[in-house]
Amino acid sequence: MEKLDQPSYEHAPPFFYRRFIKRTVDIIGSSFLLLFLSPVILIFSVTLLIFSGRPIFYKQLRAGLYNQPFFIWKFRTMQAEEIESSSHKYEWKDEVPQDFEFTTPQTLSITKIGKIYRKYSIDEMPQLWNVLKGEMSIVGPRPEMIEITKYYSSTQKKRLQVKPGITGYAQVNGRSAITHGEKIAYDLYYVKHCSFFLDLKILLQTVYIVITGKGAW
């Protein structure tokens, strides 16, 4: 997979905020949440084990900062026997189409408990570990599958110039109900305007989105 250089771009988020303040918030925030939510994570793990069996967790290769690959962790929401065949295959000529909408392949089936976990973003909780490790941020563009980023145009690649996040600007503006072109537009807006106050706004909006389950698939 092509790794991007670390370019300077016209409206880059302030370096000090991205490198130090944001990372400090991520470390403190993920550490606190992992500790505070550990009983809840245990309950969700046991519930998943009872109703869906093993494995409890699912990992998938995703594109991180500057297109560097890393494994993202989630609670498993698919049938266990379908995990190995869960890769997505795409063939586009120039770039990812603006009207592309990501959907779960019809060949895959989501478990009953998995549908609940996805609707309320419970399946994303293990990504706090990715944040603590420095592979992700609490707020940022959602980490894309490498099967998709390899078709990115030069403009689309700009969304990879900040760390991917558990929640992001596109997430609170449509989640999975928007097209790829709309998602890119929201993500590029975030890259351009990244700040503490924008992150705080996104986090507050995320609480509402998670509670209502709006825009989930």
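Reader: What should I know about the model before we start?
Author: This is a predicted model, in which local features need pLDDT of at least 70 and side-chain atom pairs count only at pLDDT 80 or more, while totals for chains, interfaces and linings use all residues. Residues are numbered from 1 along each chain as its sequence is written, and side-chain values use heavy atoms, with hydrogens and water left out.

Reader: In what order do the strands of the open sheet stand?
Author: The order is β2-β1-β4, and the pairing is antiparallel. Strands (E, at least two residues) and helices (H or I, at least four residues) are DSSP runs, numbered from the N terminus. Two strands pair if DSSP finds at least two bridges between them.

Reader: Which strands stand at the edges?
Author: They are β2 (69-75) and β4 (144-145); each has a single partner strand, so one side of each is left without a neighbour in the sheet.

Reader: And how many bridges join β1 to β4?
Author: Two bridges join β4 to strand β1, which covers residues 57-63. In one of the pairs, Ala63 has Glu144 in β4 as its bridge partner.

Reader: Changing topic, how many salt bridges are found in the whole structure?
Author: The search finds six. A salt bridge here is a side-chain nitrogen of Lys or Arg within 4 Å of a carboxyl oxygen of Asp or Glu.

Reader: Which residue forms a salt bridge with Lys74?
Author: Glu124 does, with the closest N and O atoms 3.9 Å apart. Lys74 lies in strand β2 and Glu124 in the loop between α3 (112-119) and α4 (127-133), so the pair ties together parts that are 50 residues apart in sequence. Both residues also belong to a network of salt bridges that includes Arg142.

Reader: Is Lys74 buried or exposed?
Author: Lys74 is buried, at a relative accessible area of 15%; buried means under 20%, exposed over 50%, and partly exposed in between (1.4 Å probe, protein chains only). Glu124 is buried as well, at 14%.

Reader: What about Arg159 and Asp187, where do they lie?
Author: Their side chains meet in a salt bridge of 2.8 Å, N to O. Arg159 is in the loop between α5 (146-149) and β5 (165-167) and Asp187 is in helix α6 (residues 180-193), so this pair ties together parts 28 residues apart in sequence. Both residues are buried.

Reader: And which residue pairs with Glu135 in a salt bridge?
Author: That is Lys133, with 3.3 Å between the closest N and O atoms. Glu135 is partly exposed at 22%, and Lys133 is partly exposed at 44%.
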